[in-house]
Amino acid sequence: MLREVPVNPKSIEPYREVAGDVVIDGLKEAAENLRGARVLHINSTAYGGGVAEILYNLVPLMRDLGLAAEWRVIEGDQEFFEVTKFMHNSLQGMEIPTTAPMREKYLQVVEENASRFEGDYDFVVVHDPQPCAILSFLEERRLRKGRWVWRCHIDTTVAQEDAWEFLLPFINLYDAAVFTKEDYIKTPLKVGRLAFIPPSIDPLSPKNQIPSERTVREIMAEYGVDRERPLLVQVSRFDPWKDPLGVVDAYRMVKEGFPGVQLAFLASMASDDPEGWHYYELMNRYRGDDPDIHLLSNLQGVGNLEVSSFQAAASVVLQKSLREGFGLTVTEAMWKRKPVVAGGVGGILLQIDDGINGFLVDSVKQCAERVKGLLADPGLREEIGARAHRKVLERFLITRHLRDYLDLFSSLP
Ligand code: UDP
């Protein structure tokens, strides 16, 4: 069978405090009809990136609501993940052809995974393109059972034709497809049902707890960051779409007006993202010998508490993405009442209302200008931060996300 990812148990009850009784009672009621339903989530990495982050929280809460939820990952070699990262980039619009050897490699590894698939499930949710074709192989072997949902976390609006055409027949086999936004689908699908569900954060996970000032100070000291000087933080995988070099350029422009400013770039290395090292090296060279640029990753022990502390320590959080299905990091920082300056693209347009609860930018210069405005005005940072927190509370908590999944499952014929 595919490898299972163990998750720690969670209880839905403590979420009453944050989401309110109406939401929690509604969730419990909606889960009643699905009691005992066997749900399997499949993706391609247990660590790094937003999908893993979501599943660590969603799966145990589904269990607590009475569903028999599991999370399993497909496995592949380095070459497979290189191919799927090319496909991912090309689905986000980068000019990379999906060649015959790439298709072959993709199908070979997904077929191997399909041959290891076992068990009976009522609902199988397959996340993103990496495992997407698994259903076609099960169908070929007449092993398709239960309802199958393909959950696409990326914005395929400007996908390259060949990558999209390759994937389309596999997507069309599903009973339902879920995208973050309606306009993310490049061409119409033939799936039975379409749903639009934005991701969420778990307000009670260690990542989203607001650490004490003492903890923040200790962690800043540990990583050589001066708590008394302004700090810009971006938390992202090393990935071209997160514009790491643009972040450094914006920081340098800010530094001209605010010489004390520091930048921390936190990047986990996801196991399904072989580009990480390349961009790490690139950024490392690009930052030169500036002691105020801190480049940190899970390899220096950056885990949930550190991410959370850096987000809490930030004067301004950046997410200068050039494409973004949905930036969990944006919502994590907004929950911590931080003003976020982010690329005005994709899911970020759902997350931030420009000038109200954050700022949207489309260039390095504009990014630097917004940051300078915020650094100069603590009152504005606070106001924006307070509205940011409210937006997350209303729209992007995991309780809403769970409800959307339950409603989707119940609606499938
Ligand atoms: N993340 C982390 N450590 C890092 C970098 C990222 O824990 O060094 C987490 C981050 O907090 C967020 C997720 O990885 O929860 C990234 O999700 P997002 O949707 O922002 O981007 P993706 O990687 O899915 O494109």
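**A ligand between two domains**

Tutor: Domain 1 (3-200 + 397-411) and domain 2 (206-395), with bounds from an automatic or database domain assignment, both give residues to the shell around the ligand, so the ligand lies between them. This is a predicted model, in which local features need pLDDT of at least 70, side-chain atom pairs count only at pLDDT 80 or more, and totals for chains, interfaces and linings use all residues. Residues are numbered from 1 along each chain as its sequence is written.

Student: Which residues come nearest to the ligand?

Tutor: Gly49, Gly50, Ser268, Leu328 and Thr329 come nearest, of the 19 residues around the ligand. A residue is near a molecule if its C-beta atom, placed from the backbone, lies within 6 Å of it.

Student: And which element gives the most to that shell?

Tutor: Helix H12 does, with 3 residues. Helix H3 (50-64), strand E9 (262-267) and helix H12 (328-335) each supply at least two. Helices (H or I, at least four residues) and strands (E, at least two) are DSSP runs, numbered from the N terminus.

Student: How do the shell residues divide?

Tutor: They are 7 nonpolar, 8 polar and 4 charged. Asp, Glu, Lys and Arg count as charged; Ala, Val, Leu, Ile, Met, Phe, Trp, Tyr, Cys and Pro as nonpolar; and the others, Gly among them, as polar.

Student: Back to the domains: how far apart are their C-alpha centres?

Tutor: The centres of domain 1 and domain 2 lie 27 Å apart. Their contact (C-beta atoms, placed from the backbone, within 7 Å) takes 24 residues from domain 1 and 20 residues from domain 2.

Student: Which elements of domain 1 give two or more residues to that side?

Tutor: H3 and helix H4 (78-91) do, and H4 provides the largest share, 5 residues.

How values were computed:
Two residues are in contact if their C-beta atoms, placed from the backbone, lie within 7 Å.
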